[in-house]
Amino acid sequence: MMEMDGACGDGGGRVPVAIVTGSSQRLGACTVKHLHQAGYSVIIHYRKSQAQAEELALSLNSVRPDSAATLQADLTKGDTEKMAKELIDAAAQKWGRLDVLVNNASDFFPTPLGTVDGDQWKTVMGSNLKAPFFLSQAAIPHLKATKGCIINMADIHGQRPLSGYSVYCIAKAGLIMSTMALAKDLAPDVRVNAVAPGAILWPDHEYDVNNSLSRIPMGRQGSPEDIAKAIIFLVKEAPYVTGQVLPVDGGRSLSQ
């Protein structure tokens, strides 16, 4: 088995386990693949994209048998606290442990001031702030048992607002503070960090059109691999890092 020194998880000769929310497609799927390649068994969480989640699991299991599984939950509807606990418990029961929680699932759409309604607020806050908090809370006993870690998917616009997306920016700002607050509360047993993507070119060539190349010092769009590699660094290679937000934006935040 791959050496896991310095990684989230206490080792002990057992394969560590990671769950990535919203991981059937795009950045979440890329993160799952990198974690799997790094030696983790992976739980692929999805809300609606069952076919894509099962196809990804099948592909990973063909590489390493019984190393990937899928779980469905819509954490933005109903009793979020109850569903979060059920999802985390199911993930931990699959292989008898949980080492890494990546809070990746997110809703992103414009909310121009003067048009925002309660449903929009609930949806954006629910996926970007409420669900990650209650998932993290549910995961605490499992992660303490394995000396595990939590990675939150923040955004550079959680610190520097994006015009027309006020609710999203507020939610991501809350997620950044949640990262720091939980890191303080859970140390030294569980590390909590965040990655803050900038302009990312998705595999299907959809991207945030508000980010222009002229404002990115590195002169190019980022890729899901850039984000996934940053997550792997925080999970595997940064045992003395907690409460931090790592921008992966090609220097975009320097220009704001």
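View 1. Lys82 comes out as partly exposed at 48% relative accessibility (partly exposed sits between buried, under 20% relative accessible area, and exposed, over 50%; 1.4 Å probe, protein chains only). Its side chain pairs with that of Glu86 in a salt bridge, 2.6 Å from N to O (a side-chain nitrogen of Lys or Arg within 4 Å of a carboxyl oxygen of Asp or Glu). Both residues belong to helix H3, four residues apart, or about one turn of the helix (helices are DSSP runs of H or I, at least four residues, and strands are runs of E, at least two, numbered from the N terminus). This is a predicted model: local features need pLDDT of at least 70, side-chain atom pairs count only at pLDDT 80 or more, and totals for chains, interfaces and linings use all residues. Residues are numbered from 1 along each chain as its sequence is written, and side-chain values use heavy atoms, with hydrogens and water left out.

**View 2. The salt bridge between Lys94 and Asp66.** Here the side chains meet at 3.8 Å, N to O. The pair links distant parts of the chain, 28 residues apart: Lys94 in helix H3, Asp66 in the loop between helix H2 (50-63) and E3.

View 3. Tyr168 is buried, at 5% relative accessibility. Its side chain makes a polar contact with the side chain of Asp155 at 2.6 Å (N or O atoms within 3.5 Å; within protein, one must be able to donate a hydrogen and the other to accept it, and residues adjacent in sequence count only if both atoms are side-chain atoms).
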